[in-house]
Amino acid sequence: MQEAMYYEKLSSKKVHCRLCPHHCMISDGQIGLCRVRKNIQGKLYTLNYGHLSGIAIDPIEKKPLNRFMPGSHILSVGSYGCNMKCLFCQNADIAREFKITNQYTEPRDVIQSALDHELPSIAYTYNEPTVYYEWMIATARLSKEKGLKNVMVSNGFIEKEPFEVLAPFIDAMNIDVKTYDDTKYQSICGGRLEPVLETIERALNHKIHVELTSLIVPGLNDELEKLDVFFKQLYERIGDLDIHISRYFPRYHYDEPATNIQLMLEIKERARKYFTQVYLGNVR
Ligand code: SF4
């Protein structure tokens, strides 16, 4: 365990975590919404520091990033926990229902592994990397020193200050935009749209290469007229970014059938009115 960054101590051994927009107030002995930050006697600790749920070599297009170092491979790493709680979570075994292993991995070991395999980059992915912020920034700092690139695959739900400190070490991001409907963002995903849009803007201000992903989930974000309005608003606010329209499959607490492929094609066409590069994901 490592003491967490971005929190303040309050009276009665309570703490206030400021890493993400949830701003959890955590009593002694309790954990935050992400389930990996724990208050132990008035100090906040990160429970997942260096505890990896997965490490693998992927084509970078799998992140998905289609226009950042295309054709290259990347070392992907992930841990446990998430600061959203999507009912349709596609990775619930590491994001929501998990048991952290005791196996600890040092940042330098991951970097050495990337160098040994002659990989030019490392991806912080699989679960939401914001909730393993301390380990991610330690690794990203070191990896930059070794000439590697860093990629963050994220839901974008991170507070301004920690993001601004992290951003100089990040070269590319894929940011998941869950839905255009803020009420559903809150009720189905446990997040909010505006902080995610702000993270996209901040990343672009830092000249980070950004691509967006939208998992099309029946009943969450598949209304064509609303998508038209959203794509227009998104374009007007952030400009022409690459968009990945991804196919949902029933998982976790959501059992609607997988997204209809004809519908995905229709959504792709509508997105292309505003965005030059629109891709389908999770389809053959
Ligand atoms: S990072 Fe975790 S503990 Fe901190 S505010 Fe977000 S959900 Fe709460």
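Predicted model: local features only at pLDDT ≥ 70, side-chain atom pairs only at ≥ 80, totals over all residues.
**Domains**

The domain assignment divides the protein into domain 1 (2-46) and domain 2 (54-281). Taken over C-alpha atoms, the centres of domain 1 and domain 2 are separated by 25 Å. The interface involves 16 residues of domain 1, which are in contact with 22 residues of domain 2. The size of an interface is often given as the accessible area lost when the parts come together. Here domain 1 and domain 2 bury about 1,600 Å² between them, and 59% of that area lies on carbon and sulfur atoms. On the domain 1 side, Tyr6, Leu19 and Pro21 lose the most area to domain 2; together they account for 34% of what that side buries.

**Helix packing**

Two packed helices are described by the angle between their axes and the distance between the axes. The table gives these values for two pairs.

| Helix pair | Axis angle | Axis distance |
|---|---|---|
| H2 (residues 107-116) and H3 (residues 133-145) | roughly 45° | within 9 Å |
| H7 (residues 224-238) and H8 (residues 261-271) | about 30° | 10 Å |

The axes of H2 and H3 cross at roughly 45°. H2 is therefore oblique to H3. The crossing in which H2 passes H3 is right-handed. H2 contributes Pro107, Arg108, Val110 and Ile111 to the contact, while H3 supplies Trp135, Ala138, Thr139, Leu142 and Ser143. By class, the contact of H2 with H3 comprises six nonpolar, two polar and one charged residues.

For H7 and H8, the packing angle is about 30°. An angle under 35 degrees counts as roughly parallel, so H7 is roughly parallel to H8. H7 also passes H8 in a right-handed crossing. From H7, the residues Leu224, Glu225, Leu227, Asp228 and Phe231 meet Leu263, Glu266, Ile267, Arg270 and Ala271 of H8. The contact of H7 with H8 divides into six nonpolar, no polar and four charged residues.

**Local backbone features**

Lys63 and Pro64 are joined by a cis peptide bond, with omega about -5°. Pro64 belongs to the loop between strand E7 (54-59) and strand E8 (73-78). Ser12, a residue other than glycine, has a positive phi near 55°. The loop that holds Ser12 runs between strand E2 (7-9) and strand E3 (15-17).

Technical notes:
Residues numbered from 1 in each chain as written. Heavy atoms only, no water. Axes fitted to C-alpha atoms, helices over the stretch in contact; angles between N-to-C directions. Helix = DSSP H or I, 4+ residues; strand = E, 2+ residues; numbered from the N terminus. Parallel < 35°, antiparallel > 145°, perpendicular 65-115°, else oblique. Left-handed = near helix turned anticlockwise from the far one by under 90°. Contact = heavy atoms within 4.5 Å. Nonpolar A, V, L, I, M, F, W, Y, C, P; charged D, E, K, R; others polar. Domains from an automatic or database assignment. Buried area = accessible area lost by both parts, 1.4 Å probe.
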